[in-house]
Each structure stands twice: as C-alpha cells, then as structure tokens.
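Biologist: Hi, I have this one open on my screen. Could you walk me through it?
Modeller: Happy to. Let's bring it up and go from there.

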Protein chains: 4
Amino acid sequence: MGFEKKEYEFLREIALDSTNTGCFINGQWKATGSVVTSVNPSNNQTIAKVTEATIQDYEEGLQACSEAVKTWMAIPAPKRGEIVRQIGEALRSKLEHLGRLVSLEMGKILPEGIGEVQEIIDMCDYAVGLSRQLNGSIIPSERPNHMMFEVWNPLGIVGVITAFNFPCAVLGWNACIALVCGNCVVWKGAPTTPLITIAVTKLVAEVLEKNNLPGAIFTSFCGGAEIGQAISKDSRIPLVSFTGSSKVGLMVQRTVNERFGKCLLELSGNNAIIVMDDADIKLAVRSILFAAVGTAGQRCTSCRRLFLHESISQNVMDQLVGVYKQVKIGDSLEKGTLVGPLHTRASRENFEKGISIIKSQAWKILVGGSVIESEGNFVQPTIVEISQDAPVVKEELFGPVLYVIKFQTLEQAIEMNNSVSQGLSSSIFTSRPEAIFKWIGPLGSDCGIVNVNIPTNGAEIGGAFGGEKATGGGREAGSDSWKQYMRRSTCTINYGSELPLAQGINFG
Amino acid sequence: MGFEKKEYEFLREIALDSTNTGCFINGQWKATGSVVTSVNPSNNQTIAKVTEATIQDYEEGLQACSEAVKTWMAIPAPKRGEIVRQIGEALRSKLEHLGRLVSLEMGKILPEGIGEVQEIIDMCDYAVGLSRQLNGSIIPSERPNHMMFEVWNPLGIVGVITAFNFPCAVLGWNACIALVCGNCVVWKGAPTTPLITIAVTKLVAEVLEKNNLPGAIFTSFCGGAEIGQAISKDSRIPLVSFTGSSKVGLMVQRTVNERFGKCLLELSGNNAIIVMDDADIKLAVRSILFAAVGTAGQRCTSCRRLFLHESISQNVMDQLVGVYKQVKIGDSLEKGTLVGPLHTRASRENFEKGISIIKSQAWKILVGGSVIESEGNFVQPTIVEISQDAPVVKEELFGPVLYVIKFQTLEQAIEMNNSVSQGLSSSIFTSRPEAIFKWIGPLGSDCGIVNVNIPTNGAEIGGAFGGEKATGGGREAGSDSWKQYMRRSTCTINYGSELPLAQGINFG
Amino acid sequence: MGFEKKEYEFLREIALDSTNTGCFINGQWKATGSVVTSVNPSNNQTIAKVTEATIQDYEEGLQACSEAVKTWMAIPAPKRGEIVRQIGEALRSKLEHLGRLVSLEMGKILPEGIGEVQEIIDMCDYAVGLSRQLNGSIIPSERPNHMMFEVWNPLGIVGVITAFNFPCAVLGWNACIALVCGNCVVWKGAPTTPLITIAVTKLVAEVLEKNNLPGAIFTSFCGGAEIGQAISKDSRIPLVSFTGSSKVGLMVQRTVNERFGKCLLELSGNNAIIVMDDADIKLAVRSILFAAVGTAGQRCTSCRRLFLHESISQNVMDQLVGVYKQVKIGDSLEKGTLVGPLHTRASRENFEKGISIIKSQAWKILVGGSVIESEGNFVQPTIVEISQDAPVVKEELFGPVLYVIKFQTLEQAIEMNNSVSQGLSSSIFTSRPEAIFKWIGPLGSDCGIVNVNIPTNGAEIGGAFGGEKATGGGREAGSDSWKQYMRRSTCTINYGSELPLAQGINFG
Amino acid sequence: MGFEKKEYEFLREIALDSTNTGCFINGQWKATGSVVTSVNPSNNQTIAKVTEATIQDYEEGLQACSEAVKTWMAIPAPKRGEIVRQIGEALRSKLEHLGRLVSLEMGKILPEGIGEVQEIIDMCDYAVGLSRQLNGSIIPSERPNHMMFEVWNPLGIVGVITAFNFPCAVLGWNACIALVCGNCVVWKGAPTTPLITIAVTKLVAEVLEKNNLPGAIFTSFCGGAEIGQAISKDSRIPLVSFTGSSKVGLMVQRTVNERFGKCLLELSGNNAIIVMDDADIKLAVRSILFAAVGTAGQRCTSCRRLFLHESISQNVMDQLVGVYKQVKIGDSLEKGTLVGPLHTRASRENFEKGISIIKSQAWKILVGGSVIESEGNFVQPTIVEISQDAPVVKEELFGPVLYVIKFQTLEQAIEMNNSVSQGLSSSIFTSRPEAIFKWIGPLGSDCGIVNVNIPTNGAEIGGAFGGEKATGGGREAGSDSWKQYMRRSTCTINYGSELPLAQGINFG
C-alpha cells in the first residue's frame, strides 16, 4: 500500500508505511486495537494509519517486559551504555528523516523537528558516559570494622507517558537514563503522534535485536487513556514518568501513589519573562519571540506572561507588535515558516475559546487574536495587554498567546512571576549583577528553570529539566536526575565480630 | 505546683513543670486548647499536664512563621549553621535529663533514651558542617558566553509531624537539615509525648532568643490529628515530613499533593533478617535480640520477620528462646531493664489482638505470647514459627513479635524479604562475599536499608535513612537528603549579546 | 617567674609563662635546644622565652607519632570528628586570649588576631561535619559480578610547616582536615611565633589527654630550618604541607619528591585588583585599603598590584591617597589601630630596601614611602605609580606597598594580572555581567582565587584556598581539599567465580 | 614505495607507508630530523621508516599549538565533546587495523593489541558524557549578597609523553580528558612505536580537519629524549603527563616543577598478588598467569611478586609451573600465542642480566629462566622462589619474571606488599569479608590499585588509574581525574554594595 501523498514517501526510510502496527511487544510488532489515523496539522489530511494497543496487548507486553528486566539488570551498566550508544548512532543516521516526521506529524517547524531528534541523540551520548558514573558512595561509619555504602540499583520497569508537543525528546530524556540505569522501558506515546512512536521504537528494536537482547527491554504502545491508566495502576511498574497537564498529572500521581509507586511529573507551565529597564532590548525581543511563538506556543516552556518595566514597556511592545506582524505562518515543513499550525483542531478551538474570554473581559489585544481560515489548524500569534489580576493569566492557554503586564520594581516582578500555581520556567533580561543574583537566589524565581538573558524555553540536556509546584517537581535529563530511575540502598556492613551500636548505645 | 512524684523533679532542669503550655508561637509560649495528660507507660500514672493547640493557635503560629522565614532565608547558610551548632550545644548540656525524659514518657529504656537525644546532637554537629556544603553546580553549557548553574534555595516552611516512638530524634533529622537549608520549621510532636516536644522546643527557643532571631523560625505545637491535618492542607508549607503508618501517610500525601506540595514520608516497615548457613550465629542471635525486642519492638526498623537457613534454624531458634527467657522486662528507667513497656494501653491491646489471631491460626508460639498483668503496658517478647504465606506476616504488628520462617536458598530468602509491601530495613548474616554483594545488588533486598551482619535497626546519621514502596520513599539525615529540603533551580545565564539556541536550532 | 610586662599576664590564661618548653613530644612537653626570645613587633621587647627542638627531640617525637598513627587510623572517622569538635570548643573558650596573643606576637591588629583564631574554630566545626562525608565512590564495573570502589584512606603522618603571618590559622586549615582524615600531625610553627605554637598545642593536647588518646597524635615543635629540613627529608611523613616563599617552597618540594613524598604548597602571591570604569568606586577603595594595608601588607593574599581603568584612575588614586593619609598606624593591640608593625626588624629593612630601589628607578611615590622611627617595626603604607614593565612589579615585596598601573581594556588588565609567575589571588571591581563571567572564565584570571567586588584577601573556609604557578598549586580548607590528606585506592572486587577481563580481552 | 612484507600491507588502511613523516605540526605532516626504523619485535625486521622531529619542528609545533588553544578553549565543552565523539568513531572504524599494528610494533598479542585500542574508544565515549559534567560548585558564602563559586577552566596545553608498552591507550587516557577539558595536546610517543603514534594522530587530524578546526589542537611528535626534555622545560605547557620509569619520572618532575609547572606521573610498579589459604585457587592461578605473563610481563601493572599463604603455597606453585610450561610463546600476531616477544633486544638483554643476578644469588628458579634463541626478543616466562629480603625483589624487572614468597598471616603479607618503594597495583585472593575489607582499608595495601580476586592488571577506565609513592601519585582515566587537566578558581562574587568580611572581621 502506498502513502496518499508523494511527499510522505520519505517515511519508508524510517520503516513506516501507510498502515502500521502500533505496539512493540516482546520483541514483536503486533496490535489488536482500533485503527487510528495520523493527520498532518497543516492540512488535517491523513498521513498514515496505525493499529493501537488493547489491554490484552498491554498485558502481553508487560509480561514479557517483566521477564526481560531480569536479563537487562544483570548486564553491567557500561555494557548497557554501549547499547544506548548504538541507539544514538541509529538515530543519528536517520536524523533528517525523523526530524521531518516530527515536523509533519506534530506540526512544529522543521528546524525544531530536527532539533528535537538531536536532543535524543545528545541524551544517548550523555547516557553512555553516565553508564560509568552511576556512582554510589562509601560513607565513613562511626563503628569500627564497619563500612557504610550507598548503593544505587535499578528500579525494574519505568513507564513513560509522553505528550504530543515533544513526541520523542521526552522519551529520550527518560529512556536513555532509564536504560543505562538498568530499567526496562514501557512507552506510551501521544495518541496523535503514533508514527513518531513507531519510528523511534523501530530504531531501538533493531539495536536490541542486533545485540541478541530481548526486544521487551523496550516495550512500546500506541494508544490512549486506557493504556495510560493501565500503566498508572500496574504495580509491576515502580516508576511512572508522565508529561502532560497538571490536572491529569495529579490523577496519575494519586493512582500511582496508592499502589506505592513513584511518579516523575512534568506538568503545566505558565512561564514568564521579566524585562528590566537596563535590559538589552534587542536580545529581549528576539528571545520573547522565540519563547512565545516557537512551536506555536505549545511548549511546556513557552512564554505566556511578559512583565515589562514601565520605563521600557512601550518600546518593547512596539517592537514585538512589529515582529509579530512579519512572522511567517504556514506549513511546518515549508522553508521560512516560523509558526506552524496548532497540533489539532481541538487546540485551535481552545485558542478561539480563550480569545473570546479575553475579549469578553475587554482586555486589549495588541496584535493577532484570530484563527486563520484554512484546512490546517493555524492561528495568529497574539499579544494581550492585561492586568495581573485577570484570572486567565493564572492558567495555561496552550497556544501562542502572550499576556503583557507592566511593573515598577524587581520585587514586584518576582512576586508576579511566583504568583501562579505552576512553577516551570522563568526568565529575566537585565544587565545588573545584583538583579541576576537576586533572581536566582532565595527570594527570586520559584521555578525549576530560572534563566537570565535567554528565553524560557530551549533547555540544554546537561541540566535538570522540570518544575516546582503544580508543574510536578520531577527532574529529567542531566544533573543527578538519574537517581530518580534507581533505588537507593543504605548498606552497613559489619566485617568484624563485635556488635558496636550507633549513637554509642549499650544494649544488653 | 509540684510534680506528683519526686523522681519527676529532674524535669525542672529542662524547664518543665507539672502543668505546661504546649505551643511555641511567634516566639511565645501559649496554647488555648484542651488540657491533656502525659503518662508514664511503665505505670500509666500522670507525669504532667499540657495544654494543646487549637486551630487558632496554629494559624497565629503560621502567620508569624511566614514572616520569620523572610529573615531566616536571608541569613547566609554558614551563619544558620552557627545557630544549629548552638542548638546542639544546648542539647548536649541537657543530654542526661532529656534522655531520661524520653525514657520516662515514651517508655524506651534509658540507654536508648539517651541514644535518641545523642542522635539529635550528632545531627546538629553534622548540619553545621553541611551549612558550608549545600553546594550547587556549575554545569558546562553548550552555548558560548553562557553559564549553566544548578542553584539550591530554601523551600520556606517545612512541616514536621513526628511519631511517639522517636519523639525527638526524627525531629532532629528533619529540623537540623531544614534549618541550615534556610527553612523555618513547624513541628507537631506525637500527642502522647508532649513533654518531649516542649522540652526540646524550649532549648531551641533559648538559642534563637540569645541570637536575637525571631522565635517563629521554630514553631511547635502539641496537638492531635486536627493540627496534623492543618499542616497537610496548608499551602504555606511546601514540604511536609511525616513519620507514621503507611495508611495515614498515604492520606497525608494525597492531601499535600492536591495543593501541589511535597511530602517526605517515613512510613511502616516490616523488616526481615536473613541468617545464612555460614553466618556467625553468636553475632546473629545478639543482633536479632536487639532488633526484635529493642524499644519493645516499636521501632520502624524493628525486626519482625526472621528467615533462617534450614541447616541452622533449630540452633538459632533454641538460642533465641534461651535469651528471650532471660530478658529483663520492667520499668524503662530501671537499671538492667532490656524491655520496657509498650507506649500505650492501646498498643498493649493491639498486641493482644495480634497474638489471638496468631493463636487462632494455630501458629506455633516458641516463647512469649502474653501480656503481663501490671499497671504498665508490659507484654512478653514473642517468637512465632510461621509460614511465609500467613497474612499476618505481611503486616506490621507494632510490638515485640518476631515471625520465624525457614528457607533453603539465598534466592528464596531474598524473594521472601521483598514479598511485602513495606520496604524499610533488612539484614543478612553471612560470611560469603558473593552473598553479601548479591544482597546489596540489583537482585537483592529492595529495601532502603540493606545491612550485613548487623541488625535492621540502629542506623547512623551519615547515611540516608528511609525506605521504598509502602514505606514512602523519603530519605532523612545524611547523604544528599538535604536536597529534599531545598528547591532546585536550573539557571542558564547568557552574558554575551548573541542568542545561540540549544540543540543547534535556528529560529528566525 | 613573671612576665616582664603586666599586660602579658593574660598569657597565663592560655598556659604560657615567661619561659616555655617548645616541643610537644609523645604527649609530653620537653625541649633540649637553644632558648629563643619571642618579641613584640610593636616595640621589639621580649614577651617570653622558649626552648626550641633539637634533632634528637624531633626524632623522639616522630617515633612516638609513628606509633600513635596506628591507634588514630583505627578510630572511625566520625569519632575523630568528635575529637576535633572538642578541640574547637577548647579554642572557642579561649578565643579572646588567643586572638590577643596572635596580635601581640605576630603584630597584626586585634580584630585580625581574633579573626585568625575564629578561622581555626570555623575549620573545626567544618571538619566535624566532614568526618561523616569523607566519601569514597562505588563505580559501575563493566564486568559482571564485579564491584569497583574508590576508597579514601589516611596517609599516616602529615607534616605542617607554617609561616609567621598566619601563625595558627594555616595550622587550622591543615590539622583539622588532616586529623579527621585519620592522620597524625607534626607541626613546626614559625620560629618567631613560638608562643602561639605552644598555646594552640596545649589546647589540643588537653583534649587528647581527656579522651585518653596518645598525645603524639599531635606532635609540635618550636624550631627553625633544621626541623623544617628534617620534616622534608623524613620518609615517615608522606605529605608535607608548607607555607612560605616560592623559593623555599621549591626546595622543600624537591626534597620531598626525591623520597617519593607529596607536597601541599602555599607559596608567594603577587595579587592584583582591577578596577573597571563601571566599578562601584567607594566599594573598590574600601576594598583596596583592606587588601593593601591589612596585616600591614603581610598576607599572602595582600594586594600588591592595582590596575585602574584610565577613565577612573585619577579619582581612585586621589581617594586612596586620602584614606592612606588618615590610616592610624600603631601598636597592634591599641584600639583604633589599622596598621600594626611589620613582623620583624628584618621585614622593616626589607621594606626600606624595596623603597630605595623604587626611588632609584624614579617611580612616583604617591603616598608613604618611609619607615617610621620608633622601637617597633613600623613603616608607612605606600602607593607607587609605576609601569607594568618595571621588574619590581613581578616580585612579592612583603609589606604595605601598592603598585598602581593604568589600563584601557579588560583584556589588557587580565593580561597584566596573569603576567607574573605567582598565581594566588586576584580581584575585579565591575558591574557588568560580561566582565564578571569573562574574568572567572577560561580567558580570565589564572589565579587560584578570583574575586569580584571584594578584596584579594579574606577568604572563607568553605572554598578551597591556594594558588597556581609559583604559588605552588596546593589547596587547603574547604571543597575537596581533604582528598590531598588521603590516599585513594581504586578497588575492583570480583565476587563471582569467573574471570572476565576489561576491554573485552580474551586471554588464554 | 612498498612494504617489505606483504603482511604489512594492511598498514595502508590506516594511512601508513613504508616511509613516514613523524610530526603533525600546525595541521601539517612534516619532520626534519633523523630517519628511524620501526622493527617487529618478533623478528627484529624493519616494518617501516619514520622521520623524527628536530627541536625546530618542536618549536614550530608549539607556536601553532599556543595559538590554537585560544580557539579550542573558547568552544563550549559539550561541543568539544562532540569532536572527541567523532575521534572515537574514527578509531572504532579502524579498530582491527590499529590493534594489529599495536601487536605488530609493540609485540603484545593480538587480543591485547585490539583491547588497547578499544580502551581509547572507551575513553572517547566516556569523555563525551564528561564534557557536560565538568562541574564546578556553588558553595554557600557566609556573607550576605555574596556567592562563592568553584570554577574549573582549561589549563592550556597538556604535554603527553607515553611509553612503548601502551603506545596508544595511555595517550587515550590523557588526550580524551584533556581535550574535552579545553586543552590542546602535545604528544610524544615512544621512540620505538612511531607507527602507532602516526596512525592514531592521522585519525585525530582527519576529525579536526573535517570540523574546520586548527590541526594544532593535537600536535604530535615522533622523537626521543630531546623532545621529551623540550616538553619538560617548556613553560607554555602547564601540565606534563609522563609515563615511564620512576627514575626518569623524578627528573621530569624536577624540571617541570622548577618552571612552576605540574606533573601527572605514571611511573614504575612492583605489583604483588597475595593468595590466602581460603582463596579460590583455580581463579588465583588463572589470574596470576594473566598478571605475570600477559604482555610478556611488560605492563606497569604486571604482577612481579607473589605472596602465597604457606598452607596452599605448594599447590599454587605446582599449578603455576604446570601452566607456565604449556604457555605458547611466539609471534604476537599468530593465533594462540599467549606470550609474545619482549619489545626490544635491550629488554631481552635486561632480562638476561636480571636472571643472572638471581642465579648468582642461588635463588630457586621453578620454571623458565632463559632467553629463547631466535630472531625475535623472546624469553621464557619465569618463576623464582625467593626471600622477601632479596634486593632484586624491591626493583622492577620489566619482563615475565615472578618472585614467589611464602607468608603466614595477612598482616605479614600486607607488610611485604607495602615494603617496596613503588605503589601501583596489588591484589588479594580470599573469600573472607574481613580480609577483603582490611585489605582495602587504612591498614591494607598502600597502592593506588587494590584488587580482590582479580589480577593486578586489566583496569577499567571508569576508575582512576595510578599509584602512590615512587609510582608518582598521578591518576588518569575515570573518577575525578579530569580535575588534574583543569585549573580550579575559587571565586567570591559580591553583588551587594556592602563589604562584610569573612570570620566576622571588622576592618576600619
């Protein structure tokens, strides 16, 4: 069978076809669920069809995975690193095609699509080194002839539930680390990006096969909420990494906690940029543009709130309105496009609904504010001048809508930044050391990501990615995020023949 | 007013009286709640009376605390360390008296009472050093003229809800670290150990006062579930550290998560000791005794399950029965006592109920099995030979009851160890390196504490204390436990004038 | 026998007398060498007499120390920490008296004398915490059934040779860490500050005795170069920590290396402050004053070179000349004195010689430039306007002489900063983030201490103290400096029965 | 021109020819020195000819390198990591050929040759991850509005002088780390392995060229002592990493120290294996064989001393003599060979001389003891029963000679292990935890490598490689070895407008 459009033929290079089986179970491709259609958000036309997982598929997958984990855990970490290295090489060899698929199916522009795939590759490279550095500690014991160890062991199976906006990078953050740590991965991608889920899984599967390892080490499902819930409830899965809204995340957390599992949550953001009077305005404007309209405002780190010092606010707003008017909106794969479509028709409707509330409250729309009539899900990047007290400012509207609010002092701006329930990303533009260090200090931004003179989005993998409060508290990618994928044992070994007690206690 | 008994006069040395005000609010002692009686578990007679907190008291305390945190956060960490050092000195100067009070009010024997206070002192000493080592990281950025920081800032207020069995050490684990990290502490002690709560708070208060610091930095309440719930629900408290049962802990967690707060949980244990055929039997028997009857089996790390290799099982059981019969049970303050009373009449009843179930199922009681008729809450340390499949083995019976089960292979013993929902502590006795390293490795014990040739209890402060699964996953005291008391910011600072993007993305 | 002056009577409080025995050997005070006189640099009159060590004394001390180390090593690190804590308490109880002695015998002003003693106390507090954190690592092995450890063990005996300018703080940096690490300490203080050496040793000795530990754990000698050489040559001393000039340090290093020992060197500095055009001038001037005239310019971190951006150079020079003229010079113990005497008559002569060279080359002396006629060793704080090319600028003149040089660009200033052989401390005053981060980056200052908007001197103990190039490369006090006092073992343990080889090699 | 033998034709695959230019200078291949011949140690026939460096070549190379370092330092570390990743890929693509060359030119057997190249590849993979983890620290300051940083910056140029026995792995340990740390590398390979130096350099050069980077980032010389001395004396090279004998290493160290440079020394070893009475004898015998005859005893970690518990000594010796007699000696490239030739005729003569001393002292040669008459440099693997007091036991005889000595207690064996001036590697075979932990503890082996139940040789890259005492104290490869390739700055930044001083000092 062939693809509907010739420009989709490149998908064959990454082992996709016009119809696809959506689950990788016990090293085999099979799926017995309903057939769904993956569509191109730029025109809402079919790209290809995918058969999703049923609960029976899930169960079969998990049984195999539970077996495979015994094999995988017993392989020394540096050898697991070698497998992840090969996965990185496999992805690298398909970088362009995968990036194009991300752009096609998710709707982000091509450079962002390729950047997203590059991020998994970076994660693989990073995880290889990490596989020799998952270090425990030897801690001095207060007792003679005793040694105290802190040992890190694999958890077993890690469930990874990812969202449409980063259909593969978030898998990369989790899977690369989880795998070198000795865990098997069970992945459920977003229901609207099944082709990416399949394409990435195929590359991983190939590497496992080539190394004579059980395919079930990486178990992957296309599917919806039912599969997500199965993962949440499954006590064979000690850790569930979930990316999505705070509302759903909270439900996942409760379900997982009830069975004494752990969660790693990456939930909603409501990210602000502060521009001080002494900021480099040109740098700020470029950054705000990337932060607010990049990925059509559908990054969890997208800038949604802009706090402008009153002395420069008009200047910045004028410049922003200027560039917003020139931004090229269009097919995400077309050269020169800066803003692609929203991911789904529903997202577009959500945007409309949000704008109509804003209008009903008589806030001033500086630019944009409309959907664009077309086959695709395009909307205009929008700037709204608003008051900090408006309830809409407290919520994450997942599209290219930027709220602008003025302030007078740094303290005020920080207070506004911290006044929402979300705590993901934040950024200040300033040239004063005092402002920089206050911003990153105890009385500064309460977010997980606290930037200076760069946008709220565009994190590097070397740091820990994630946010506080309603954003869920998880940390992925770099730093010591790997510890979340392992269990910690505090071990005290007595190698003498006496039994001295801690705190000098005498018993008996 | 005087104490009822002359032997309670020593309490005046630690600023207690026969009637006491139970809350330290905004630097002042006040309380408007009901008056409760603290009793001696060895005879159930009154020690002294305490007025508990009302919700109004709580609110007043929290308001002051919310103000005080601004002062405390702004003090450099090493200076906060100096305050904690002084707290340590204050405790050290009252070590004997405080230890005696712990023994008197909680019911543990005197050496354990003193050991518990010593543990807070150790924590203070440790936290002083830590106050200069709450290190963030400077991580290489992939972008020129950028620096990436991982900065650790205080959370704000840390709520600490402690249990009767370690009425002050658990406060010490939390408060010493929380304070040097820049947090204020709100403490609710166990309702049945109010005198300890007051005595410890008084020493802390004195140090704060001497240093002209707001007393509200350390806010403390005697009270019950109402105050505990207030803490759980209070969105001014980003972190709640709770010690108690898995059942209550799960409820606390849900409440705290719903308001996007974090929990640090130290919940139920159901700890096992494995004795291999090649073990040092003498060492094992001594250790089992301390682990199973120490603190009358009321430690979260008490040994409740004993797995004996069939080849040495009879020998070990015989020796244990022998020592159990000689163990001196009696007033916790009396010299030579090894087993004091259970903490409350209710605990004693709970023990009776547990034993009657065991009897009803016809399991073999090797020794003990009865309550002891007296004014106090004494029960006999008990050993039961039982099957791994008995449902009672899966639950934590909070008293000196030890279940004995035989096994044939190490794998079997590990499987039994891991088969319960709790995951706190575990220990093996063996002389084979292979067994030791398997036990602490990926296929070994799944507990947070994994010992070798020492009991399940008696942890040192230098390691991280806590457990997995139903035990809640928190880690207190040493290692990097301090990170739980801080929020992590990943900061990227651009000090150039260009805007290069991560993953080499080109935008616009 | 009595002290010559009544104001020396306070020395009795710290166990000194008008005649003193200068060696603490095998837990006893004895000395068979020549009798030297300790004089007050403010008037060159005798404070007290001290009998120094002979080589026989040294040998006796080292033999005892070599025995004591076996005991000390076998004590768990946290217990060693407890001893250091007690030493800290002992010092704290004598803070004022010891500080006064430092001021009296060394000649620094009283607040600096007390600050120096406070620094040892801080080090003790820090080392106590560290005693539970001398952590090794557990590193993932690439071989199945293997564990890889990095273990840190004590070296044995650490020799500490200190200089007159910090007669006890440098001992503190070394001894506190060395002791918790499990090493015995052999200390030789400066020949001109024997009373401090004795007073500090007495407090340490008391603590050892109270704990029934061998006194030889801390072995201390008053003496000169002969004892220093004995330490350098002694193969029983695996590490020699030496503070002094680059010239002597290099000789020590060669001697120690020849016998395969290690050195920790803190040698000469030639420290610069850069003041940018955008600096806070008031802050800069205050800092330069403290850096250049504090301790009469006799700190290894004293500022000797001042680089002024041409646009603010006249302003800064004017202000400096103004404050230099008002600085109170006088008896170091007198209230209000800011500049005490140089330590010895020889130092004063050295100053004179330096000034005469400067004059002979016709450089412009802006202020000062003379010795002060008096009984003491007083000289005028001096500022010289000079060219970067003048050879004297490359050398450390150990007194309050400041060379001022103008510059035009940051790059120029950094190049000048880095152009000397020494590499200890450096500082910039600026308010631009770009300048700050360039200064601390790869193309910035090449010193071990790289400050911003504070003086070159006045380090905190939490960081690592020391410098690069001719300054010797050692690091003392905080960070991971403790690793220098331990030996590192990379341990691979095979607990299986197979012999897999690294790098997948097949042998036989 | 063609190779003399057809079996050398594979060298064309790694860009070698029968005549070769021996220096890579400023991105170009040139050399103006004498022409040397590389010979095959299995038959002492010419492989190919190489033109060596003159001092003029060296100077030209260093000038270019000094320029290139400015470019390289300014590239963000993760980008440097990407270059090292590509170098790893380049090596991986030539693994077989390079391994064959190592075997051919050095004389080790093929699996060891390939293993050596694999080790550089492993190092590259490791260094890639490390390039995002060269972390500095943010340390709490005791002063308000101050931040304390520990920043790691590149040193500049790192000189690497390697030895014949690991003609490329040691380069890999150093260069991979040095490069990601931001340093340029100046490499001088062993004079007798020029082809390997050239082949490896060519692969690196290609990667640099492909990335448009200055070739001088990696500058490489074939040459002898003259070039080594030039490196030692060159003050443009802040760090010299030297691998070789203790005697030469000490001279290098002195030269480098005199110009205030740093050394990283990997010098002589004299490594022992202890076999306890409770050892797994089969495992021990296999390990001793690999440790003593692997690489024909020419590893720095080769086992030279064997301490046997008297109860099992005869058994072990009998088994060893048995396997020694069966060991296949022959051409290093021939399949099945276990012992290749010594590297040079001089090594063979040295072996003869050593044996004749042993014979002259009447020690008992259990097996071997002769050179093998042939065109190559073959000698018999030899075991000598000897006394601990024999002076020859204290020295490193660089060939397959094993001294066997009996002992009675663990303490005795450890004392003998520690009684030599060298301190590189050591190993114990035992099954008692007590012996294991004593061996790796404060009173155990004083070596840098302390193994249990594996040979003295065959280190993994994840740990730090190196030894104590006369072995020089350097550490290469894993753990925090990277810190040696960077300079550490302790930075304190004041971002407020006040000037509080450390230790609470009041100045002025």
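Biologist: Which way do strand β20 of chain A and β24(B) run, parallel or antiparallel?
Modeller: They run parallel, and two bridges join β20 of chain A, residues 449–452, to β24(B). Keep in mind that this is a predicted model.

Biologist: What is the bridge partner of Val452(A) in β24(B)?
Modeller: That is Ile493(B).

Biologist: Okay, zooming out. How many residues of chain B are in contact with chain A?
Modeller: On chain B it is 88 residues, and they are in contact with 88 residues of chain A.

Biologist: And how much area do the two chains bury between them?
Modeller: About 7,300 Å², with 58% of it on carbon and sulfur atoms.

Biologist: How many salt bridges are there between chain B and chain A?
Modeller: The count is ten. One of the salt bridges is formed by the side chains of Glu468(A) and Lys262(B), at 3.2 Å from N to O. As for polar contacts, 46 residue pairs across the interface of chain B and chain A qualify, both residues being at pLDDT 80 or more.

Biologist: Which elements of chain B supply the side that touches chain A?
Modeller: Several supply at least two residues each, including α4 (110–130), β7 (146–154), α8 (246–258) and β24 (486–494). The largest share comes from β24(B), with eight residues.

Biologist: How do the residues on that side of chain B divide into nonpolar, polar and charged?
Modeller: There are 37 nonpolar, 29 polar and 22 charged residues on the side of chain B that touches chain A.

Biologist: New topic. What joins β11 to β12 within chain B?
Modeller: Five bridges do, between β11 (residues 239–243) and β12 (residues 262–266) of chain B, and the two strands run parallel. Phe242(B), for example, stands opposite Leu265(B) in β12(B). Together with α8(B), β11(B) and β12(B) make a right-handed β-α-β unit.

Biologist: Nice. Now chain C: in what order do the seven strands of its open sheet come?
Modeller: The order is β3-β2-β10-β9-β8-β11-β12, and the pairing is mixed.

Biologist: Why is one side of β3 and of β12 in chain C left without a neighbour in the sheet?
Modeller: β3 (28–29) and β12 (262–266) of chain C stand at the edges, and each has a single partner strand, so one side of each has no neighbour in the sheet.

Biologist: Which way do β2 and β3 of chain C run?
Modeller: Antiparallel, with two bridges joining β2 (residues 23–25) of chain C to β3(C). In β3(C), Trp29(C) is the bridge partner of Phe24(C).

How values were computed
Residues are numbered from 1 along each chain as its sequence is written. Chains are lettered from A and ligands numbered from 1 in the order in which they are written. This is a predicted model: local features need pLDDT of at least 70, side-chain atom pairs count only at pLDDT 80 or more; totals for chains, interfaces and linings use all residues. Side-chain values use heavy atoms; hydrogens and water are left out. Contact means heavy atoms within 4.5 Å. Buried area is the accessible area (1.4 Å probe) that two parts lose on being put together, summed over both. A salt bridge is a side-chain nitrogen of Lys or Arg within 4 Å of a carboxyl oxygen of Asp or Glu. A polar contact is a pair of N or O atoms within 3.5 Å; within protein, one must be able to donate a hydrogen and the other to accept it, and residues adjacent in sequence count only if both atoms are side-chain atoms. Helices (H or I, at least four residues) and strands (E, at least two) are DSSP runs, numbered from the N terminus. Ala, Val, Leu, Ile, Met, Phe, Trp, Tyr, Cys and Pro count as nonpolar, Asp, Glu, Lys and Arg as charged, and the others, Gly among them, as polar. Two strands pair if DSSP finds at least two bridges between them. A crossover is right-handed if, with the strands pointing away from the viewer, the path from the first strand over the helix to the second runs clockwise.
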